Amino acid sequence: MQLEQDLDALNMTRFHYRLITVAGLGTLFDSLDVGIISFVLAALIGAWHLSNVMVGVVASISLVGMAIGAALAGTVADRLGRRKIFMLTLAIYSIATGLSAAALAVWMLVLFRFIVGIGLGGELPVTSTMVTEFLPRKDRGRGIVLLESFWAVGWLIAALVSYLLIPRYGWRMGFLFGMLPALYILYLRRHIPESPRFLLRTGRVQEAQRVMSVVAGHEVAATMHVPVKARTKGSVLDLFRHGQSSKTIMLWILWMGMNFAYYGMFLWLPSVLVTHGYSLVDSLKYTLIVTIVQLPGYLSAGFLVDRLGRKPVLVFYILMSAVSAYLFGHAHGVEQVLIFGSMLSFFNLGAWGVTYAYTVEQYPTMNRGTGAGWAMGIGRIGGIIGPTIVGVLLAMKLGLVSIFGVFAAALFIAALTVMILGKETKGKSLEIVNAPEG
């Protein structure tokens with residue numbers, strides 16, 4: 001359709017950068033929340049005398065909510081539109097994060113963290129789907145990696161807040177810090193319009209034309225092609241029809257492997273360091289240093305993804321994450337912990353940025369939210385298992401070599417799956433990305 005072709009052909013405008021910023025700030029506070037819980041757990045081990053297994057439950061419960069939230073939000077966004085869910089999920093996350101600060105017992109914290117997970121899990125696929133549908137074709141990969149780079153900034157802020165505030169003011173301050181700014185981002189999102197691609201696919205041509213004029217920064221002529229109103233009641237079964245089975249299976253394995261390793265490694269990192277003899281303050285300081293390296297990891301992947309393609313960059317960064325995990329498990333002394341931990345942050349977060357860009361490009365508009373949401377939701381199963389396994393392995397008195405060896409293996413499997421089943425999406429139209437090749 002002409003408007004979609006015009007959208008693909010645009011250069012990045014002021015609107016695109018504003019959209020990435022406003023959407024990215026939401027991602028930042030999502031990351032802030034996930035990051036803070038890893039530092040809160042290190043403090044709660046002493047304050048509430050939590051066992052390793054219970055720490056694993058607290059770390060994992062939000063991921064249960066994220067699995068449910070991602071699948072539901074992605075599917076609903078394909079029916080009702082991206083913008084409504086874009087707003088709703090951030091509101092749920094913000095309120096539940098504030099309630100987490102008021103938790104008086106472990107069961108209350110578990111309940112509120114579950115609700116946080118629903119909002120957080122729903123926000124991520126809808127945000128990446130929505131931003132993708134606004135971006136020009138030639139800048140799509142870089143734009144999504146830039147969006148996801150806000151995750152590294154959020155984790156860095158979480159590390160700073162935790163290092164500076166939690167030892168002095170207690171763990172509740174971390175949650176309060178995460179709630180208030182997110183409410184402001186919710187206010188900013190009111191001015192973001194609905195995705196023009198979604199509007200076109202649901203027959204709302206005049207609205208799409210108005211949005212396109214805002215994106216382009218000038219009046220856009222009426223399209224000559226008026227689409228027939230599309231079916232908006234999709235199903236997860238659609239992800240296994242019309243030749244989409246292999247890409248769906250590939251994405252589900254990719255997301256499970258990435259989540260298993262990421263949440264297992266990074267949620268437990270401060271606590272693992274404490275368990276192995278470092279003080280809480282030193283553990284938070286080392287984690288802060290490692291976290292700083294996440295941002296250049298994102299930026300390097302963003303630089304490469306539109307030049308070399310999604311698939312080769314993704315496979316390389318995941319494989320290097322596996323190597324880094326193995327080396328971190330064998331680290332001895334502060335110097336090696338920082339070097340190998342920094343390598344792990346750099347490559348793993350760079351891989352995450354490409355994973356989001358690659359995922360939302362796999363499906364056409366009318367089931368893009370469903371496809372991305374279910375991939376992220378199924379992937380959270382790996383995130384649920386990862387932190388729990390760390391707790392079990394620590395309870396069994398196993399060391400970092402065994403723990404990080406498991407994560408290295410999971411990352412290797414994820415890379416191998418993409419290598420075998422994945423197809424390149426660089427430079428393809430979002431509406432024909434799933435068309436048979438040849």
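Trainee: How many helices and strands are in the chain?

Mentor: This predicted model has 18 helices and 0 strands.

Trainee: And how much of the chain is buried?

Mentor: Of the 438 residues, 61% are buried.

Trainee: What about the accessible surface of the chain?

Mentor: That surface amounts to about 16200 Å², and carbon and sulfur atoms account for 70% of that area.

Trainee: Turning to cavities, how many of 30 Å³ or more does the structure hold?

Mentor: There are 4 cavities of that volume. The largest cavity has a volume of about 80 Å³.

Trainee: Which residues line the largest cavity?

Mentor: The lining consists of L124, E148, W151, W255, N259, Y262, Y263, Y298, L349, W352, Y356 and R380.

Trainee: How do those residues divide into nonpolar, polar and charged?

Mentor: In the lining of the largest cavity, 9 residues are nonpolar, 1 is polar and 2 are charged.

Trainee: Which helices supply at least two residues of that lining?

Mentor: Three elements do: α6, spanning 140-164, α11, spanning 245-266, and α16, spanning 333-360.

Trainee: Where does the largest share come from?

Mentor: Helix α11 provides the largest share of the lining, with 4 residues.

Trainee: One more topic: among contacts between residues at least 6 apart in sequence, what percentage join residues at least 24 apart?

Mentor: For the chain, the figure is 85% of those contacts.

Notes:
Residues numbered from 1 in each chain as written. Predicted model: local features only at pLDDT ≥ 70, side-chain atom pairs only at ≥ 80, totals over all residues. Heavy atoms only, no water. 1 Å grid on protein atoms, 1.4 Å probe; cavity = no way out; pocket = protein on both sides within 12 Å on 5 of 7 lines; lining within 4 Å. Points joined across faces, edges and corners; volume = space filled by probe spheres on them. Nonpolar A, V, L, I, M, F, W, Y, C, P; charged D, E, K, R; others polar. Buried < 20%, exposed > 50% of the residue type's maximum accessible area, 1.4 Å probe, protein only. Contact = heavy atoms within 4.5 Å. Areas by Shrake-Rupley, 256 points an atom, 1.4 Å probe, with all protein chains shown as cover.
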